[in-house]
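Hi there,

Here is the structure I promised to pass on to you. Have a look first, and my notes follow below.

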Amino acid sequence: MSKKPVLVIMAAGMGSRYGGLKQIDPIDPQGHIIMDFSLYDARRAGFEKVVFIIKKENEAVFRECIGDRVSKFMEVEYVFQDIRNIPSEYQVPEGRVKPWGTGHAVLSCIDAVNGPFAVINADDYYGSKAFSLIYDYLTTHEDDDQFRYAMVGYLLKNTLTENGHVARGVCQMDENGFLADIHERTHIEKTENGAAYTEDEGRTWIPVSSDSLVSMNMWGFSSSMLQMLEEKFPDFLEENLKTNPLKCEFFLPFVVDELLEEKRATVQVLKTEDQWHGVTYQEDKKTVVDAIQKLKRKGLYPEQLWG
């Protein structure tokens, strides 16, 4: 591999269900936030550079809360997801305030990333195994006649919250462990019998295996993904601005799905049994705080990550 993999962190979302800038909410007495643990695990796995995707108006607070601390240990770059950053032949619809989604967020990195990269959410705890898996994949695979991508798959039961519903991409794999399909389930809940999802606001529920592998938006890509996002974004705008101008979103998994259908890419699913932690709801915070303390007591993290 000619270039070392870069870590890209999507941190432009404000966390609408949670309220406030949840990405910078401390989760231990030392003032660490969830992202500190992701960055610590990433650095330990071999990543030496991180690109933060943020909103321009959050730059100062973001630097203060995480960027400046990490920049002593990793190379740090910032890119800004801007709703106005669309091809010149299109206009932002009047009244639109919603960002254009995760695909557009990653596309914001096109001038900052020129080799293999991993993508994660800012407000998810992924576990150290996940970073090792994705780093090892990115340093041992290159595109050939197809784009060779990867995704870390989590057991659904390790990703549910006690405090409400979550959205998860439920993965279907082929016999070789490659991703065949992702079914986006926007409303999955823990139930007495495991897990179930609804597509009609709770009138009917469909069971789903707790051992299903789900995507938590931890991807490994070659730089070709940035070109694919650039290629497909205008088509997305062309189609969706007519039907849903204020709310349509250009999601990263949808682009991956298209590339799979077109037989232009493969996605190796890297399975981890790590427990995912995240703060979807305010009530989730205590669960995350307790989990981090437990991991520290086990010796998986020092009290001061960057000390």
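How many aromatic pairs does a search of the whole structure find? The search turns up 20 of them, and please keep in mind that this is a predicted model.

One of these pairs joins tyrosine 126 and phenylalanine 131: their ring centres are 6.2 Å apart and their planes meet at 90 degrees, so the pair counts as edge-to-face. Both tyrosine 126 and phenylalanine 131 are buried.

Phenylalanine 236 and phenylalanine 250 make a tilted pair, with 5.2 Å from centre to centre and 45 degrees between the planes. Phenylalanine 236 belongs to helix H5 (residues 224-243), while phenylalanine 250 is in the loop between H5 and helix H6 (252-261), so this pair ties together parts 14 residues apart in sequence. Phenylalanine 236 is buried at 11% relative accessible area, and phenylalanine 250 is buried too, at 5%.

There is also a cluster, in which ring pairs link Phe37, Tyr40, Phe73, Tyr125, Tyr301 and Trp306.

Two arginines may interest you as well. The charged end of arginine 96 sits over the ring of tryptophan 100, 3.9 Å from the ring centre. Arginine 168 lies over the face of tryptophan 276, 4.6 Å from the centre of that ring.

Lastly, serine 212 is found in the loop between strand E10 (206-208) and strand E11 (213-221). Because its relative accessible area is 15%, serine 212 counts as buried. A polar atom of its side chain lies 2.8 Å from the backbone oxygen of serine 209. Leaving aside residues up to four places away in sequence, serine 212 touches Tyr154, Leu155, Leu156 and Val170.

Best wishes

Methods
Residues are numbered from 1 along each chain as its sequence is written. This is a predicted model: local features need pLDDT of at least 70, side-chain atom pairs count only at pLDDT 80 or more; totals for chains, interfaces and linings use all residues. Side-chain values use heavy atoms; hydrogens and water are left out. Helices (H or I, at least four residues) and strands (E, at least two) are DSSP runs, numbered from the N terminus. Buried means under 20% relative accessible area, exposed over 50%, partly exposed in between (1.4 Å probe, protein chains only). A polar contact is a pair of N or O atoms within 3.5 Å; within protein, one must be able to donate a hydrogen and the other to accept it, and residues adjacent in sequence count only if both atoms are side-chain atoms. Contact means heavy atoms within 4.5 Å. Rings of Phe, Tyr and Trp (its six-membered ring) pair if their centres lie within 6.5 Å; planes under 30 degrees apart count as stacked, over 60 as edge-to-face and the rest as tilted. A charge sits over a ring if NZ of Lys or CZ of Arg is within 6 Å of the ring centre and within 35 degrees of the ring normal.
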